[in-house]
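Thanks for coming, everyone. Let me put the model on the screen, and then we will walk through it.

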Amino acid sequence: MPGNAPKPTPMVHAPWPFDAGPTSGMGLCLSGGGYRAMLFHLGALIRLNQLGQLRRLRRVSSVSGGSITAAVLGLRWAELQWDEHDRATNLAALVVGPVFAFGGVGIDTSCFWKGMLLPGKTVSGCLADAYDRHLFHGATLQDLPDDDAGPRFVIDATNLQTGQQFRFSKPYMGDYTIGIWGTPTTTLAAAVAASSSFPPFFSPHRTVPSGVYDHTHLPHHSQPEPFLKSLVLSDGGVYDNLGLQTVWSNCDTVLVSDAGEAFKAHAVQPIDWLRQFVRVADVMNSQVRALRKVQLVHSFLDKQREGAYWSISSDVDAYGLSDPLPFPHEPPGYPAHVATRLTGLNDQVRRDLVRWGYVISDAALRRWVWPDAPRPTDDQVPYRD
């Protein structure tokens, strides 16, 4: 490649008219990956909190399983109590404990059969009911913090009607091609269900938009009427499994926690059309994700943004720290290959997922963002016993 060739950039989505452009501030992206992601991201939150950086976040963007963790954090944000070092002293009680406990409750099988067999029910609707019953208790997007009281939490889904990213947040919900609805009252459970309605079993999530519709940013102020009465949404990971765009467009420091399942090589491949189609879809998805990750890392190296990326499949030794925290991957690849499900996990697997998220995020953050941060002491490492 010639030396003057353009550098890769992670601006792989169309820009939103109401994204202000990167300003001073730090954003966190929480990827999809079912309960595996939900628990892995807890470890990163714990480490950021210990570093006194959780309170400094300006945006939290989430997809699928990551949206469960993000929504609980957003809902409880106003109740967090901060010490003189900007550490939330009750994070464990308000966020970590409830999410960890929820990881032991299986909901995917029961939601599937209820949605398929009960009159008037849908699979994604049952998913929203389960989220609400266990975690959100009727809370809406308006229960998230204001921009001047905490980070803006953006829960990402995919609009199957337009093929674009659909965002849920406190100020608005919407898709930049059809308009936005200001001050929406959609429940957090419904937003998280839309974000985590991964195909084929939980997708699509059908919902009616809430809030005050605004189309003034659209070309010629047109109103795409057929798209406004009912929204047909799918898992946010269909469009972008990292939830990168809103953080990239608004923050100059980008932190990405990726719990996406690693692509697996298989020498023997099926010849029937259905299973071959599934494999091809997996290859395409893996390639898009890999491209985003390469572009993101290049943006760090080229100083377009500061930040760090860590993955559930990362090698802690690859970060080059002289004193990384240990983690026994037994069997090899564990726990990265925990299935992308919403099925209850046993206590040990949940503990390992949180601890691994903590260990690998610590390596990335101390290597690339805060090199002067001290190595965590043994009693700071969650679920180490």
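Let me start with a term. On a 1 Å grid over the protein atoms alone, a cavity is a set of points where a 1.4 Å probe fits but cannot get out. A pocket is an open set with protein on both sides within 12 Å along at least five of seven lines, and lining residues have an atom within 4 Å of a point. Grid points are joined across faces, edges and corners, and a volume is the space filled by probe spheres set on the points.

Two housekeeping sentences. This is a predicted model, so local features need pLDDT of at least 70 and side-chain atom pairs count only at pLDDT 80 or more, while totals for chains, interfaces and linings use all residues. Residues are numbered from 1 along each chain as its sequence is written, and side-chain values use heavy atoms, with hydrogens and water left out.

Now, how many cavities of 30 Å³ or more does a search of the whole structure find? One. The largest cavity has a volume of about 30 Å³. Its lining includes Tyr35, Arg36 and Val338.

Helix 9 (273–301) and strand 11 (306–311) are the elements that give two or more residues to its lining. Helices (H or I, at least four residues) and strands (E, at least two) are DSSP runs, numbered from the N terminus. Strand 11 gives the most to this lining, with four residues. Trp368 is one of the lining residues too.

Step back to the whole chain. The protein chain has 10 helices and 11 strands. Of its 385 residues, 55% count as buried. Buried means under 20% relative accessible area, exposed over 50%, and partly exposed in between (1.4 Å probe, protein chains only).

Next, helix 2. 11 of its 12 residues are buried, so helix 2 is largely enclosed by the rest of the structure. Among them are Gly65, Ile68 and Leu75.

Helix 3 (residues 91–102) is next. Its buried residues include Leu91, Leu94, Val95 and Phe102. What covers the buried residues of helix 3? Helix 1 (34–50), helix 2 (65–76), helix 5 (123–136) and helix 10 (347–368) are included in that cover. Contact here means heavy atoms within 4.5 Å.

Arg59 lies in strand 2 (residues 57–63). Is Arg59 buried or exposed? Arg59 is buried, with a relative accessible area of 6%. A polar contact of 2.4 Å joins its side chain to that of Thr246. Such a contact is a pair of N or O atoms within 3.5 Å; within protein, one must be able to donate a hydrogen and the other to accept it, and residues adjacent in sequence count only if both atoms are side-chain atoms.

Last, the backbone. The peptide bond from Pro199 to Pro200 is cis, with omega near 5°. Glu330 and Pro331 are also joined by a cis peptide bond, with omega about 0°. Pro331 sits in the loop between strand 11 and helix 10. His137 is not a glycine, yet its phi is positive, about 50°. His137 is exposed, with a relative accessible area of 54%.
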